[in-house]
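Please read this briefing alongside the sequence and the coordinates. It begins with the chain as a whole and then turns to particular side chains.

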Amino acid sequence: MKKKFRISSPSIMTKTYSSGYASSFWSKGFDTDFKVDFGGKRSVDHTKLAATQRAIANFVNIVTGKQIPVVFQSTDESYTDGEKVVIGTKLEDKNFDPAVGLALHEGSHILLTNFSILENFQHLGSEFHQFVQFQGCDPDLNIGTSELFLIKDLLNWVEDRRIDYHIYTTAPGYRMYYEAMYDKYFNSKVVNKALNSNVKREEDIESYMFRLINLTNKNRDLGALKGLKEIWDIINLTNIQRLRTTEESLKVACAIYKIITKYVTKAEEEKKKEEEKKEEKKQCSGGTSEEKKKQCSGEDEGEDEDDTKATQVKSDLSNAELKRLEKAIQVQNDFVKGKQKKIGKLSKKDARIVKTLKEAGTESVPVDTYPGSPDPCPVDTIIIKKMTPAIICSMHGLFNTYYAQDVINNGIDVLKEDHGYKYGSFRRIQTAVNAGIVLGKQLGKKLQLRNDERSLKSTRLNAGKIDRRLISQLGYNNAAVFHRIITDKYKNFFIHISIDASGSMGGKRIQNAIKSAVAIAQAASMTTGIRVQISLRGTSDIGSNNDKTVTLYAYDSAYDKMIKIKTYFKFLKCFGVTPEGVSFKSIFDDIKKDAKGDECIFINYSDGYPSQLSGASWYYNGVDFTKKVVDNMREIGINVIGYFIDGRSSSSGADLFRRMYGQDAEFIDTNNMTQISKTMNKKFLEISDQII
């Protein structure tokens, strides 16, 4: 069922919104249910929620054009303090799209609102009157503390309309999120009904604020209160873009305040007169003088009938609706006052995990395992872009976390500490890392040649660039006045090393794969023009009752130093089964982007072929799927090298490996992987001629 609303002002949303509609554009099959079933119990899908939070933060940065901090915390409230946007962490189902709209709204305040004006309202004192007058308000206004805060609320409302118009018109792709936000906070059914009812039609501050706040609602009634049409004309929503600054919004707020106080004051005076009449009537009824009774009777003629009619007027809303209305009004008032907005919260534990994943750059990417099918079966693939200490200590399925926090916090050298088997698993990987560093330094010395450039200049040529020293010879019919410079320069490389971390890779295989990858990273770090990424792939039930494909970026030389490998690689371990092509497909676009036009080499270390994956199509064939992804890589110029580190080239698994990687399939002895590094070293020293 679609919830529809239409607002005539172009400053606010005018399109139809339905729950979850905006988020459906994120990706094929995207949904906003961030919970999964665990044996009949609902639990948070941490990876999906973390990826979504990062996306919302990116939205704010894109829309505002500023790097505005977007903080997610274990709270049910969302707000801005002028420097950052704080969003309640529970983003799911009906809360999701409004939360995105709210984040954009709060971020636009930071971009466009002069918070110094708002802050001035918080300091009580005589300087307020002068301050408001200085901003262009009527100096004759009777402004006290309560009046100032009313003006501030009016300013907040006008300012909201101003900034929402700006973002709504400059970033049309995000309009639906704004529509969802307005649908949640300003267009509830009970508010729509109340606007057409006989409630909130007395000339008092509460009624004026209710009617004013809902001027963007199609059910507004400009005749509900005296002066409401005047207020509508002063605001002029159809031309709200004329207000360029918060100062200009304040002037409009002061003008609205003046109209409201004029009619509220009149209503109070009339009410006072009515009360005086009632008091006189009461006194008349208690008197003994016949003449006085007769006089009072004449004065009150016809009033009893009016009073009877007044008492017979009933609300158009039921008692239950009136209660819901009061809650809705409170939500609206809090929104206008800039108070924290309720979204919903996670437990502290869930919030901590989500924060850890978000800081690690976690993304959730659906990969269609049967392209072209009318019924696609996307597999959720998790990409963790940064291996951080927090990720290591919290993700038990991906890392050897037993004693990890102890080792990290206390700086324990697992190779020197004598604790028996306690640090045995760390020790084995650390030994492989250290061996890889030694090998890499040996190879890296040869790469020092990459830092040199050789240039050869040829002159007196018939084509090329003019040699200014030979220009004078043109007068002697000598046309050979050109030169050419040929510079021998080594190619720039982007290398992504993907290590199969499935269970069968345990022991010497994973150790030697890490040793070889570290050697390449170490050698590349000793020269220029080579960027190296190292990732591990497998499956794990992160935040789910089913295993998901996980790709973990353990190292990226563009951001990391070798100290990261020395410090944190010891915590790596094998996890799950072999996702192969699905993992490759999930990072395909990232590899193209990171390569930046340099020669790209994709290296795969594995000991087998892809396994069946949870959630994949019935027609999914891991070998064929991987072959197709590898072929796609080669089509765009990526050199793919598959290393089968089992050493048995005659096995059935080897045949499937050849089928996936073709002629570039290599069969490597797990005890002698230095040949890989030597082969890569030869590749690094290829020369690219550059002609100037």
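This is a predicted model: local features need pLDDT of at least 70, side-chain atom pairs count only at pLDDT 80 or more; totals for chains, interfaces and linings use all residues.

Residues are numbered from 1 along each chain as its sequence is written, and side-chain values use heavy atoms, with hydrogens and water left out.

**The chain as a whole**

- The chain has 24 helices and 18 strands, these being DSSP runs numbered from the N terminus (helices are H or I with at least four residues, strands are E with at least two).
- Of the 692 residues in the chain, 49% are buried, where buried means under 20% relative accessible area, exposed means over 50%, and partly exposed lies in between (1.4 Å probe, protein chains only).
- Among contacts with a separation of 6 or more, 70% are made by residues 24 or more positions apart, a contact being heavy atoms within 4.5 Å.
- The accessible surface of the chain is about 33800 Å², and carbon and sulfur atoms hold 48% of that area; such areas come from the Shrake-Rupley method with a 1.4 Å probe, and for residues only the protein chains shown count as cover.

**Aromatic rings**

- The structure contains 16 aromatic pairs, defined as rings of Phe, Tyr and Trp (its six-membered ring) with centres within 6.5 Å, where planes under 30 degrees apart are stacked, those over 60 are edge-to-face and the rest are tilted.
- In one of these pairs, the ring centres of F59 and Y177 are 5.8 Å apart and the planes meet at 45 degrees, so the pair is tilted.
- Because F59 belongs to helix α1 (residues 46-64) and Y177 to helix α6 (residues 175-186), the pair ties together parts that are 118 residues apart in sequence, and both F59 and Y177 are buried.
- Y402 and Y403 also form a tilted pair, with 4.2 Å from centre to centre and 50 degrees between the planes; Y402 counts as exposed at 58% relative accessibility, whereas Y403 counts as partly exposed at 26%.
- A cluster linked by ring pairs takes in Y402, Y403, Y423, F426 and F571.
- The charged end of K184 sits over the ring of Y185, 5.8 Å from the ring centre, and that of K585 sits over the ring of F588, 5.5 Å from the centre; the criterion is NZ of Lys or CZ of Arg within 6 Å of the ring centre and within 35 degrees of the ring normal.

- V532 lies in strand β13 (residues 530-540) and counts as buried at 1% relative accessibility.

**Salt bridges**

- The count comes to 18 salt bridges, each being a side-chain nitrogen of Lys or Arg within 4 Å of a carboxyl oxygen of Asp or Glu.
- R201 and D221 form a salt bridge whose closest N and O atoms are 3.0 Å apart; since R201 lies in the loop between α7 (189-195) and α8 (205-213) and D221 in the loop between α8 and α9 (228-235), the pair ties together parts that are 20 residues apart in sequence.
- K592 and D589 meet in a salt bridge at 3.5 Å, N to O, and, being three residues apart in helix α21 (residues 588-595), they are separated by about one helical turn; K592 is partly exposed at 41% relative accessibility, whereas D589 is exposed at 52%.
- In the salt bridge between R659 and D624, the closest N and O atoms are 2.4 Å apart, and because R659 lies in helix α23 (residues 652-661) and D624 in helix α22 (residues 622-635), the pair ties together parts that are 35 residues apart in sequence.
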